[in-house]
Amino acid sequence: MRSAVATLHREGITSYTEPGLGPGGTSLFAGAAGPSTLDVYADLARGGELAARVSVLLLLTGMGGSAAEIAEGLADAKPLEDVDPRVLRVLGVKLFADGIPPNKTAWTSEEYAGGGFGGLCVHGSADALRTRELTEMIRLAHVAGHQLGVHVTGDRAIDAVVDAFEAAQAEHPRDDPRHYVIHADLVGPQSLRKLARHGFGANMNPAIKWTIADLMDEMLGPERSAYQWPVRSAVAAGVPVTSSSDAPVTYPSWRQGVAAMMLRESKASGRPSGPEECVGLPDAIRAYTANAAWQDFAEDWKGSLEPGKVADITVLDGTITSSIRTISPTPRSP
């Protein structure tokens, strides 16, 4: 942990989110995403040795999980005690809804090159059963009062997740839960409108777009590949968009993320991929500052340059969510 924090400090990053620590992470990253990691974070924070701000999403079940596992995990979850919430806090619950387009496991409405539509990665023997299971998993976490961050990439899977967000909020209204979709590669116009209508967010990956744009032309076809991570469409719809590196999938450089949002160039060929989805500098910067603070329920004390707030640039990641924030008692510009 100290080594990781030192690496982030060299990028000017002093805060990040671990979106997935808990019993569902025991089999991930050789156990590094398991519950003991959160215990170590808490020990470091209590001892004043955690040289970063860390936000955590609880991972109660991994891929292939069930509503029963979510219910059990929620019942067993213990609050952090004797920890400054501005140094370490649990924000909500992480779920995996589907896989990713590069390995054809994202659940899509159109076939991949070579065939296949992917599918949801939750318990169930058929699409309808898995959709029902995912909806119940989301409902349980919502009713328990948690923010939900859901890893979801295919358009069909995103529709299922957003519909479940909407249904949970309708059945059990909460004041501003701020659920969000993580990655949201192929989010469609209808789901964007629903996310905006309910004040839900989207966390996207401009540096991954930069890295794999040419590869995805082959797998998704040029039109769908160009649309992948439609940042401008999401901003235009009114969705609070944050940007992430998904470290260690790409290196956690917020500068590269800003450039990729503005240019959408391919790292391999240099050509623009979906230039109609480019955004200007203000929107790109907001994805790392004000919108990121909003996603953290912290816009009252960070995310913009004004008296009384921490000056910060936030780099949100699907695997590690990193932010440049001041952590000294007397705020200073990073």
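Analyst: In this predicted model, Asp-296 is placed in the loop between helix 12 (290-295) and strand 8 (312-315). Asp-296 has a relative accessible area of 1% and is therefore buried, the cut-off being under 20%. Between Asp-296 and Ser-243 the C-alpha to C-alpha distance is 13 Å, while the two are 53 residues apart in sequence.

Turning to the rings, the charged end of Arg-86 sits over the ring of Trp-301, at 4.0 Å from its centre. The count of aromatic pairs comes to two, and one of them is formed by Phe-165 and Phe-200, an edge-to-face arrangement with 5.4 Å centre to centre and 70° between the planes. Because Phe-165 belongs to helix 5 (residues 155-171) and Phe-200 to the loop between helix 6 (189-198) and strand 6 (201-204), this pair ties together parts that are 35 residues apart in sequence. Both Phe-165 and Phe-200 are buried.

As for helix packing, the axes of helix 7 (residues 206-220) and helix 10 (residues 254-263) come within 7 Å and cross at roughly 65°, which means that helix 7 is roughly perpendicular to helix 10. The crossing of these two helices is left-handed, and the contact is made on the side of helix 7 by Pro-206, Ala-207 and Trp-210, and on the side of helix 10 by Gln-256, Gly-257, Ala-260 and Met-261.

Methods. Residues numbered from 1 in each chain as written. Predicted model: local features only at pLDDT ≥ 70, side-chain atom pairs only at ≥ 80, totals over all residues. Heavy atoms only, no water. Phe/Tyr/Trp six-rings, centres within 6.5 Å; stacked < 30°, edge-to-face > 60°. Helix = DSSP H or I, 4+ residues; strand = E, 2+ residues; numbered from the N terminus. Buried < 20%, exposed > 50% of the residue type's maximum accessible area, 1.4 Å probe, protein only. Lys NZ or Arg CZ within 6 Å of the ring centre and 35° of its normal. Axes fitted to C-alpha atoms, helices over the stretch in contact; angles between N-to-C directions. Parallel < 35°, antiparallel > 145°, perpendicular 65-115°, else oblique. Left-handed = near helix turned anticlockwise from the far one by under 90°. Contact = heavy atoms within 4.5 Å.
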